[in-house]
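This report goes through selected features of one protein model. The sequence and structure come first, and the notes follow.

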Amino acid sequence: MKALKRITSLILGFITAVTLSLGLREIASSSNVKDFNALAPLEIKNEQEWHDFRQQLAIAQKMGIDAIVTDIWWGKVEKEGDQQFNWSYYDRLLQEIETAHLHWIPILSFHQCGGNVGDNCDIPIPAWIWTHFPDIAPQTLQYVSEKGNASSEVVSLWSDQWVMSEYQEFMVAFLQRYGKRADIIDEIQISLGSAGELRYPAYNAHDDYEYPHRGYFQAYSQLAQVSFRNSVRDRYGNLSTINRKWHTNLTSYTQIRPPQQAEAFVQQQDYVKTQYGRDFIDWYRNLIQRQHNAN
């Protein structure tokens, strides 16, 4: 019962925390966090890989590793539908870790696995999330780039008001499944940004990005544009002031949009030479931190 109370406190703590912030963040940890941890494979796909993993765990235990870090892929557990959870893969994973006398550090990963450097798996986030809200088009929930391409890697930060409850349901389900194993859980993390990082997906495959290009602005979804528009309105108060600061002749707030010629915007350095450009970059660059502080 004591262990169950501890994991319950852990889960409730990070449910609260995730409503206050975005991106990859350590949400909670126990008082006996270990010093030496090792990351498990992103996905174990067949019996040979399970055999190899078992051997790796034995080696890790002999080396003095304390805990194994594993992604808990949202798209693997809740793939079939809303609240249709399948924990069988992680039941086996945890059993192997426990048999090796090691502890566990789960990362609740709400982004896709695959599409990034070094990835060898392909686990998209649950496809049903894009059609789960009847009045909202899929691209409304996604990052949309200056090239008009949408990223399905992760739900965009502008969509929290709709998807937060889905994240919380997943966390509660995790608690119900593994709460009694709190004695071997050293830490819980949440991975919620693009590739698990606190960043925009500016240089991912959906835009055919090729190094060393600058990357592409991801602020062209309907929700992103509304956010930019509201930011400008809050800053200046009225269209008259906006037009004076920007040297424009806007007649409607709907005309406030991200750069329509993004490449020229960058090449001409409008982001430093014009007030419009500075306002856009300030909003775009600092949005995640500002949203965290506001909450």
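## Overall make-up

The model is predicted. Its secondary structure consists of 10 helices and 7 strands. The protein has 295 residues, of which 49% are buried. Of the contacts between residues at least 6 apart in sequence, 74% join residues at least 24 apart.

Helix 4 covers residues 88–99. Its 12 residues should span 16 Å at 1.5 Å a residue, and the end C-alpha atoms are 17 Å apart, which agrees. Six names make up the buried set of this helix: Tyr89, Tyr90, Leu93, Leu94, Glu96 and Ile97. These residues cover an arc of only 160° around the axis, so they lie on the same side of helix 4. Gln95 and Thr99 are exposed on the other side.

The cover over the buried residues of helix 4 includes helix 2 (47–63), strand 3 (67–73), helix 3 (74–77), strand 4 (103–109) and helix 5 (160–178). After helix 4 comes His101, with a positive phi near 60°.

## Glu98 and Thr99

Glu98 is in helix 4 and has a relative accessibility of 33%, so it counts as partly exposed. Leaving aside residues up to four places away in sequence, Glu98 touches Arg181 and Ile184. Glu98 and Ile184 are 86 residues apart along the sequence, while their C-alpha atoms are 7.9 Å apart.

Thr99 also belongs to helix 4. Its relative accessible area is 54%, which is over the 50% limit, and Thr99 is therefore exposed. The C-alpha atom of Thr99 is 9.4 Å from that of Ala58, and the two residues are 41 residues apart along the chain.

Helix 6 has 15 residues, and its first and last C-alpha atoms are 21 Å apart, close to the 21 Å expected at 1.5 Å a residue. Buried in this helix are Leu223, Ala224, Gln225, Ser227, Phe228, Arg229, Val232 and Tyr236. Gly237 follows helix 6 and has a positive phi, near 90°.

Helix 6 (residues 222–236) packs with helix 7 (residues 239–246) at an angle of about 95°, and the axes are 9 Å apart. Angles of 65 to 115 degrees count as roughly perpendicular, so helix 6 and helix 7 are roughly perpendicular to each other. Helix 6 contributes Phe228, Val232 and Tyr236 to the contact, and helix 7 contributes Thr241, Ile242, Lys245 and Trp246. By class, this contact of helix 6 with helix 7 has 5 nonpolar residues, 1 polar and 1 charged.

## Backbone details in the loops

The peptide bond from Tyr211 to Pro212 is cis, with omega near 10°. Pro212 sits in the loop between strand 7 (187–191) and helix 6.

Gln83 is not a glycine, yet it has a positive phi of about 60°. It is located in the loop between helix 3 and helix 4, and with a relative accessible area of 47% it is partly exposed. Gln269, also not a glycine, has a positive phi of about 60°. The loop that holds Gln269 runs between helix 8 (262–267) and helix 9 (270–273). At 36% relative accessibility, Gln269 is partly exposed.

Definitions and conventions
Residues are numbered from 1 along each chain as its sequence is written. This is a predicted model: local features need pLDDT of at least 70, side-chain atom pairs count only at pLDDT 80 or more; totals for chains, interfaces and linings use all residues. Side-chain values use heavy atoms; hydrogens and water are left out. Helices (H or I, at least four residues) and strands (E, at least two) are DSSP runs, numbered from the N terminus. The expected span of a helix is 1.5 Å times one less than its number of residues. Buried means under 20% relative accessible area, exposed over 50%, partly exposed in between (1.4 Å probe, protein chains only). The arc is that of the directions from the helix axis to the C-beta atoms. Contact means heavy atoms within 4.5 Å. Axes are lines fitted to C-alpha atoms, for helices over the stretch in contact, and angles run from 0 to 180 degrees between N-to-C directions. Angles under 35 degrees count as roughly parallel, over 145 as roughly antiparallel, 65 to 115 as roughly perpendicular and the rest as oblique. Ala, Val, Leu, Ile, Met, Phe, Trp, Tyr, Cys and Pro count as nonpolar, Asp, Glu, Lys and Arg as charged, and the others, Gly among them, as polar.
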